[in-house]
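Here are my notes on the model, point by point. Please read them with the coordinates open.

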Amino acid sequence: MFKKQILFVMGVSGSGKSTIGKLLADTLNIPFFDGDSFHPEANVKKMSEGHPLNDDDRQGWLERLNEVGIENLSSGAVIVCSALKQKYRTILGHNLENKHQFIYLEGSFELIDARLNKRKNHYMPKGLLKSQFEILETPTEALSVSIDQSPDEIVNEILEKL
């Protein structure tokens, strides 16, 4: 039985956060929120021009995603976002009464790069993947799942570990 909590599905772009997050939310019958849809226009513009976001760019976005988590504590929810640094995960988990879990979708640069080659119409250019791997602070507190399997297998593994 799923204990109602906020599940943050995290990883670099192309790791399958949205696909896995939607499937997980549907399976658990809880709300799904795509963190990308909460980026301010200035962030989207910056990334679409090929520039990585800095910590200041992300601050308000992370705070808003934390608010979404707080608003959904009673029902539980899946929120997908990169959460690449520990300080980002600290902001996301603030005031969630320890009722949250990070799920790290882990994959190699080569695998994710190949996936991004197939992705169309996304505002973040593939060229920024290297910068994401460079700033990634691999989480120690997260439930880690390899993305080198099917979406259903990934979700089943997450459910077993929860």
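1. Salt-bridge criterion. A salt bridge here is a side-chain nitrogen of Lys or Arg within 4 Å of a carboxyl oxygen of Asp or Glu. By this rule the count comes to nine salt bridges. Side chains of opposite charge can pair when their charged atoms come close.

2. Ground rules. This is a predicted model: local features need pLDDT of at least 70, side-chain atom pairs count only at pLDDT 80 or more, and totals for chains, interfaces and linings use all residues. Residues are numbered from 1 along each chain as its sequence is written, and side-chain values use heavy atoms, with hydrogens and water left out.

3. Asp55 and Lys85. Their side chains meet in a salt bridge at 3.1 Å, N to O. The pair links distant parts of the chain: Asp55 sits in helix α3, Lys85 in the loop between β3 and α4, 30 residues apart. Helices (H or I, at least four residues) and strands (E, at least two) are DSSP runs, numbered from the N terminus. Asp55 is partly exposed at 22% relative accessibility. Lys85 is buried at 16%. The cut-offs: buried is under 20% relative accessible area, exposed over 50%, partly exposed in between (1.4 Å probe, protein chains only). Salt bridges with shared partners join Asp55, Lys85 and Lys87 into one network.

4. Asp57 and Lys46. This is another salt bridge, with N and O 2.6 Å apart. Asp57 lies in helix α3 and Lys46 in helix α2, so the pair ties together parts that are 11 residues apart in sequence. Asp57 is partly exposed, at 21% relative accessibility. Lys46 is partly exposed too, with a relative accessible area of 25%.

5. Glu49 and Lys45. The closest N and O atoms of this salt bridge are 2.6 Å apart. Glu49 has a relative accessible area of 44%, so it counts as partly exposed. Lys45 is at 46% and also counts as partly exposed.

6. Lys17. Lys17 belongs to helix α1 (residues 17-28). Its side chain reaches the backbone oxygen of Gly11 at 3.1 Å. The backbone oxygen of Val12 also lies 3.1 Å from a polar atom of the Lys17 side chain. Both are polar contacts under the rule used: a pair of N or O atoms within 3.5 Å, where within protein one must be able to donate a hydrogen and the other to accept it, and residues adjacent in sequence count only if both atoms are side-chain atoms. Lys17 touches Val9, Val80, Cys81, Ser82 and Leu105, among others, not counting residues up to four places away in sequence. Contact means heavy atoms within 4.5 Å.

7. Strand β1. Five of its five residues are buried. Both faces are covered: Ile6, Phe8 and Met10 on one side, Leu7 and Val9 on the other. In a regular strand the side chains alternate between the two faces of the sheet. β1 runs parallel to β3, joined by four bridges. Two strands pair if DSSP finds at least two bridges between them. Phe8 stands opposite Ile79 in β3. β1 also pairs in the parallel sense with strand β4 (residues 100-106), over five bridges. There, Met10 stands opposite Tyr104.

8. Val9. This residue is found in strand β1.

9. Helix α3. It covers residues 55-71, 17 residues in total. From first C-alpha to last it reaches 24 Å, close to the 24 Å expected at 1.5 Å a residue. The expected span is 1.5 Å times one less than the number of residues. Buried in α3 are Arg58, Trp61, Leu62, Leu65, Asn66, Val68 and Gly69. What covers the buried residues of α3 includes β1 (6-10), α2 (41-48) and α6 (129-135). At the start of the helix, a side-chain oxygen of Asn54 comes to within 2.9 Å of the backbone nitrogen of Asp56.
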